[in-house]
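I'm opening my notebook on a new chain today. Plan: look things up one at a time and write down what I find.

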Amino acid sequence: VKTALDLNTDDYTTFYGDLEDDPLSPTWRLEWSGDGCSLSVSATEEGKILSYYRSAAPSETAYNQFAPIFPAGDRESARQAALAFLDRVLADGETAAWNENQSTTVRLGTTRYRFNGEILINGLSAGLSFSVAVSCEDNAVLSFYRDDLDGQIMDGVPAPAAQVTAGEAAAALRDTLAMRLEYVLAEDGDARAVLRYLPESGDEFYVDAATGELINLSELYRLAAEGEFGDKGAAGGAYNTSETAADAAASESPLSTAEQEGIEKLEGVLDRDTLDAKVRALSALGLDSYTLATVSYSVGRQAGEDGVAPVTASLRYGRQVDSATWRRTATVDARTGELISLTSSARLPENGPERTVDAESAQTAAEDFLNSIAPGQFGKTDLYSSSDALESEYSVSHSFTYAQKENGYFYTGNSFYVGVDATDGSISSYRKSFDDAVTFESADGIISMEDAIDAWLGTYETELQYILIPAAIDFSQPEYEPLAGMGLSYLYRLALGYQLERSDYLSGIDAKTGEPVVPGWVNVDDSITYDDLDGHWAGKQIEALAQYGVGYAGGSFLPGQALTQLDLIALLLSTEGYLYQPGEEGAADYLYERAYSMGMLARGERDDGALLTRAQTVKLILDAAGYGPVARLEGIFRTSFADDSSIPTEYYGYAALAQGLGLVGGAPGSQFLPNAGATRAEAAVMLYN
């Protein structure tokens, strides 16, 4: 990893390594930290970088302080840095396709440029996304994440050549679409019904790019869940990645002192066989017939009372019961083997074992168990939910959730979950979340949620892409033999095919109104442009602010117009990304609430249409920035304005600070002109300065 990323880790003082010991795709999470900085990388054992995150100590800024700054650097330089990073971490055959729909507007105060997109294989989509964040200041990559198919697919990647055209595939897929015509509320929010075609939910299909056959992908997954497989979607060809940079290196990078110390944190950890023996010694877990599949270790980031970092281990077990696979995962202290939590999953086969433990007996067992391990906390709870295994054809365990109850309402943040095996009465799962420091206030004004009507209608494109389809695992193959105890019956193959892709959708519900919520995946043009600045003395500064979303909506700036109190508040708050829309209900109220919280105004000082003087404008800006207490000190300031003697006492400190900080340079004749009316252009230039 150090070689692949050309890392110099000498400045880091601590190091941790956690292993997810998956048989097909083991993953290491490596973490470095130092004085106010940290670095986290996850990678495969071959060195393929899956994620990268670098952080530094946060800057010390006061809450609600108004201190907008222009971002350093430029977006295109940052984009080139992101491209160079991707060149290091992407494998042979992989390319990055940038998301062109993401907003390119950068806000004042931005410290990182963000980019995202899709990782293409052989130039085609395979459902793999990536994201990169780059520092504005020095173009250093701060974070990276990618999806990956390692350990998920068999038989490699098909060649990207299609025998079927997109038009032929679209004709086949058209018959899979179903829509209904209904009245829905208009998008403008009025109580007006309009007709819309709405998509019916249904199965997902694709067209095989080699044969033109229409294949029901949803049906393939249903069959896979039932352990049945057909021959649809088999992928041919192979996709071979090149050596990683780490593989190509002649020798490993030397490990720093911090890295050696991080490795030492794993000292005293029990090996998988010893941990397995300790877990099996807990007979209540019923693991006699289970096989240990994998073990993963995780190092705690805070030292315990003994000064040693705790290490946990998760042991995954599986067993075959006729045609079904049962799994249990025990999380334990990796040094002592003490049980921390337990999870189980199973699918009851048609011919037993029989479920002989009823729900009432199971609940008694669960409550006895909780009373034995956490009597005080359990005494604060009540039964929140339960499920009876005997009411389901396949369910194996009764489950019970006990949550804290205060003022007649449940708080599920403090809760216990217990599962009881219906075949033998053992505790099959357990987890706890409880914080005794939580306090509870009375609950008033609970509003019920209404169902919303799905009014979604999207657009489609017929796209050639790689599609994941389930495929049975051949456990006779040596590389897949370790999966036999994990409860897996299938992995995936990649099929080359066509699918209909929609770019937009409606989803979600407003709990207060019951109306649909529209998520914004489409690119919203939030840029600001003006049509009245040609030749204006303040045009350069006003347009520079507009590039960062700072200014006024409407297409005209009206630079010579007298500045009102509302104008200035709207201009200042636009630095936080809020563009005031005149006439929008509640918009002005929101602006003033923010102004009060930032110290610009007291509540009794609101006067939307009041015309501001230059002195009042300076005062509002400096109060917002936190300079008010200093500006109001008397007898310590002086200015070099020609009209110094005419500046009122209450504004004199503000005028001196404004001159010293560069907000104002003086009107013609080097005058401050405190009582002259301010214009919108003057306010913008003060903000720019």
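**Entry 1: overview**

I counted 16 helices and 22 strands in the chain. Here helices (H or I, at least four residues) and strands (E, at least two) are DSSP runs, numbered from the N terminus. Before going on, I note that this is a predicted model, where local features need pLDDT of at least 70, side-chain atom pairs count only at pLDDT 80 or more, and totals for chains, interfaces and linings use all residues. Residues are numbered from 1 along each chain as its sequence is written, and side-chain values use heavy atoms, with hydrogens and water left out.

I looked up burial next: 40% of the 689 residues of the chain count as buried. Buried means under 20% relative accessible area, exposed means over 50%, and partly exposed is in between (1.4 Å probe, protein chains only). The accessible surface of the chain is about 36,300 Å², and carbon and sulfur atoms hold 48% of that. Those areas come from the Shrake-Rupley method with a 1.4 Å probe, and for residues only the protein chains shown count as cover.

Then contacts, meaning heavy atoms within 4.5 Å. Taking those in the chain between residues at least 6 apart in sequence, I find that 60% join residues at least 24 apart.

**Entry 2: the cores**

In soluble globular proteins, nonpolar side chains tend to be buried together. I went looking for nonpolar cores, which are sets of buried Ala, Val, Leu, Ile, Met, Phe, Trp, Tyr and Cys residues joined through side-chain atoms within 4.5 Å. The largest one has 102 residues, and Leu5, Tyr52, Phe144 and Met600 touch the most other members. Helix H11 (residues 565-573) gives the most to this core, seven residues. A second, separate core has 23 residues, including Leu275 and Tyr317.

What does methionine 600 contact, leaving aside neighbours within four places in sequence? I found Ile569, Leu572, Leu573, Ala595, Leu620, Asp623 and Ala624.

**Entry 3: helix against helix**

Two packed helices are described by the angle between their axes and the distance between the axes. The axes are lines fitted to C-alpha atoms, for helices over the stretch in contact, and angles run from 0 to 180 degrees between N-to-C directions.

H11 packs with helix H12 (residues 587-597) at about 75 degrees, and the axes are 10 Å apart. So H11 is roughly perpendicular to H12. (Under 35 degrees counts as roughly parallel, over 145 as roughly antiparallel, 65 to 115 as roughly perpendicular, and the rest as oblique.) On the H11 side I see Gln565, Leu566, Ile569, Ala570 and Leu573, and on the H12 side Ala588, Leu591, Tyr592, Arg594 and Ala595.

I also checked helix H13 (residues 614-624) with helix H15 (residues 649-661): an angle of about 75 degrees, axes 9 Å apart. That pair is roughly perpendicular too. Among the residues making the contact are Val618 and Leu622 of H13 and Tyr654 and Leu657 of H15.

Is strand E7 (residues 124-135) mostly covered or mostly open? Mostly covered, with nine of its 12 residues buried. Strand E6 (residues 112-121) pairs with E7 in the antiparallel sense over 10 bridges; two strands pair if DSSP finds at least two bridges between them. One of the bridges puts arginine 112 with serine 135 of E7. E7 also pairs with strand E8 (residues 141-146), antiparallel over five bridges, and there phenylalanine 130 has arginine 146 of E8 as its bridge partner.

I looked at the loops as well. Most residues other than glycine have a negative phi, and most peptide bonds are trans. Asparagine 122, in the loop between E6 and E7, has a positive phi of about 55 degrees although it is not a glycine. At 32% relative accessibility, asparagine 122 is partly exposed. Asparagine 139 sits in the loop between E7 and E8, with a positive phi of about 60 degrees. At 28% relative accessibility, asparagine 139 is partly exposed.

**Entry 4: two more spots**

Strand E13 (residues 291-299) has seven of its nine residues buried. E13 pairs with strand E14 (residues 311-321) in the antiparallel sense over eight bridges, and valine 299 stands opposite valine 311.

Last stop, tyrosine 430 in strand E20 (residues 427-433). At 13% relative accessibility, tyrosine 430 counts as buried. Tyrosine 430 and alanine 330 are 100 residues apart in sequence, and their C-alpha atoms are 9.7 Å apart in space. Not counting residues up to four places away in sequence, tyrosine 430 touches several residues, among them Ile340, Phe369, Phe416 and Tyr417.
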